[in-house]
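Subject: Structure for your files

Hello,

Here is the structure I said I would pass on. My notes follow below it.

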Amino acid sequence: MAEITQLIHHYLRHNKKFPLVFCPGCGHGIVLGSLVRSVHALGLAKDNVVIVAGIGCSGRIAAYVDFNTVHTTHGRALTVATGIKMANPKLTVIAVMGDGDAFSIGGNHLIHAARRNIGVTALVLNNFIYGMTGGQCSSTTPEGAYSHTSPMGQLESAFDIVELTRAAGAAGVSRGTVFHVKELDALLTDALTRPGFNLVEALTPCFTQYGRGNGFKSAVEMFRWLKNSCLPLERYAKLEDPGGKIPIGSFVRRDVPGLETRYAAMCQGLRAKKGGAA
Amino acid sequence: MTTPRNKRREAFLLGNEAVVEGALAAGCSFYAGYPITPSTEIMECMAKRLPHVPDGVFIQMEDEIASMGAIIGGSLAGRKVMTATSGPGFSLMQEQIGYAAMTETPLVLVNVMRGGASTGLPTSPGQGDVQQARWGAHGDHPIIVLSATDVPECVEMAVTAFNFAEKYRTPVILLLDEITAHTREKISLPEPGDFEIVSRLTPTMPPEWYKPFEETMRGVPPMPPIGSGYRFHVTGLTHDAQGFPTSRPEEVRALTERQFRKIDRFFEDIQLVEHVETADAEVVVIAYGCVARSARLAVRQAREAGVRAGLLVLKTLYPFPRRHVEPLLRSTRLAVVPELNMGQLSREVKRVNEGHTTVRTINRIDGQIITPSQILKEIA
């Protein structure tokens, strides 16, 4: 226990007032824990880790961790992360975003970050709703689900984050949940060590804004739902009828160098050609 | 054995290309942008040049919003950064300009103005973004806006823009117009030592003592690059001296007032103008950008015709150089403000004037230049 306390003091900011802003039953704190455990497991120096967050509940994660932290404008976390990574490729840059952040307002930036394969880890906290804004639908709200801006049930279909990111060309794509914490830790740790653009989708419940309006009786019930409906990719693939089940695990693992590496190689080539006189 | 010091490299450059020369001379090593006429040459030139600059980074982003995000990131990581755009792109960048002002992130944004609202006149000149440059981003924030009249001045003002951005930890907007950007003139390429180059102050205290948004003697706190051991929080939310969000009235007020004061206190350094025969002038033309070139000829012709005319060229548009404009409005019988818009800077002149002299505006919005004779007609 003492070791855990020490770790908490090492990675979380003393001068930041706790408790967290998150509601009871929210999964964001679990993702925060997973993030810290992954960084610890990899032995990364705090000075070399940069958390770039967007706006919303997930964006607040940045303020609690004792890394270099940037809380950007809504939807633009990946653009700032791209700038930081290109300016200093030695840094481990993690963009923490919500589903609205990453796939609604920031959708264009996400597909382009995946396409250009910038060496950033995107951690998307998907709770199917705009939480901090007060429960409006997002581009991942399931069809038929209720929200304050889809009071008759969502008519639009939802993005499949994994499929979209895979199609855009990301080097790594995986999905975990805050119920399957050990697996989430492993997925995030893996993503942080791989080159290029790696996205981890973390399914996390928002009981306050999503659960209550969609028939969940408690936050615990939402965790139970995650437990029952998510299953490892290998087992999902064997199902004859997926019937609303959600596969979790690692979907894409391509070992391709990130843009920052390719850019540095190009510049080095130019200098070599000029005999170092550039 | 002597080497002639004045053997300079000369070039025949566009205003846009000169901006790149100035930026590189100032130490710019990071450019992110999205192509848009008439600013594109800046980006194309940077794409060629930056890979040869040590650690130079060029990246074409997916849109203007992303470009601003990328240079903000680059600046936080310690680089001198720039982007360039034109009207429609400039509008998209506004939210991030406010973010850069709030987080006190140094950056240079070149806006080569084109005519009209919306897509307007992509290849014709205009000066319609003056008020947008000052007030485009939401909320109260100070900003520095510069302009240039010709190609050599594009070099000079690009360097100045970087120096101000670094010195005052603030976004600086360099407003050009299509004519200045697309005029080709012979210039001497900048050599090391031509300009004083300023870089941001970095902290020297131990990391645990550092407060990223602390009040200092100059009002401008030092800024370490991300990854240098000073871990701190950057947010667009109103924050305390440590950088954490706050809504306590005294902390909110302290932050905003310091951000304004760090610019206000240095008006003398920031407000740049050029006086042309204003000492004994009874008529003064106040102009900026390409219009100032027409005005220069008009004033000379007026002098030849016996009218005591003078010209005040505004190199800084904001903070508005009141300390230069006001005395002239007190000492002349007529001030003429020619502009390629419906009167965006003449509003400022009239605000400062407070009825002391006659202010006459010349406004042209048809994508054509204001000619010397057009100005001469108003002053002679």
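At what angle do helix H4 of chain A and helix H3 of chain B pack, and how far apart are their axes? In this predicted model, H4 (residues 77-87 of chain A) and H3 (residues 64-76 of chain B) pack at about 45 degrees, and their axes are 6 Å apart. The crossing of H4(A) and H3(B) is right-handed.

On the chain A side of this contact, H4(A) supplies Thr79, Val80, Gly83, Ile84 and Ala87. They meet Ala66, Gly69, Ala70, Gly73, Gly74 and Leu76 of H3(B) in chain B. By class, the contact has 6 nonpolar and 5 polar residues, with no charged ones.

The other item is a sheet. It is open, has 9 strands with mixed pairing, and runs in the order S9(A)-S10(A)-S7(A)-S8(A)-S4(A)-S3(A)-S1(A)-S2(A)-S10(B). From one strand to the next, the twist averages 20 degrees.

Within chain A, strands S7 (residues 172-177) and S10 (residues 246-253) run antiparallel and are joined by 4 bridges. In that pair, A:Gly172 of S7(A) stands opposite A:Arg253 in S10(A). Helix H10 of chain A (residues 219-229) packs on the sheet and touches S7, S8 (198-203), S9 and S10 of chain A. The direction of H10(A) makes about 35 degrees with that of S9(A).

Regards

Notes
Residues are numbered from 1 along each chain as its sequence is written. Chains are lettered from A and ligands numbered from 1 in the order in which they are written. This is a predicted model: local features need pLDDT of at least 70, side-chain atom pairs count only at pLDDT 80 or more; totals for chains, interfaces and linings use all residues. Side-chain values use heavy atoms; hydrogens and water are left out. Two strands pair if DSSP finds at least two bridges between them. Helices (H or I, at least four residues) and strands (E, at least two) are DSSP runs, numbered from the N terminus. Axes are lines fitted to C-alpha atoms, for helices over the stretch in contact, and angles run from 0 to 180 degrees between N-to-C directions. Contact means heavy atoms within 4.5 Å. A crossing is left-handed if the near helix is turned anticlockwise from the far one by less than a right angle, and right-handed if clockwise. Ala, Val, Leu, Ile, Met, Phe, Trp, Tyr, Cys and Pro count as nonpolar, Asp, Glu, Lys and Arg as charged, and the others, Gly among them, as polar.
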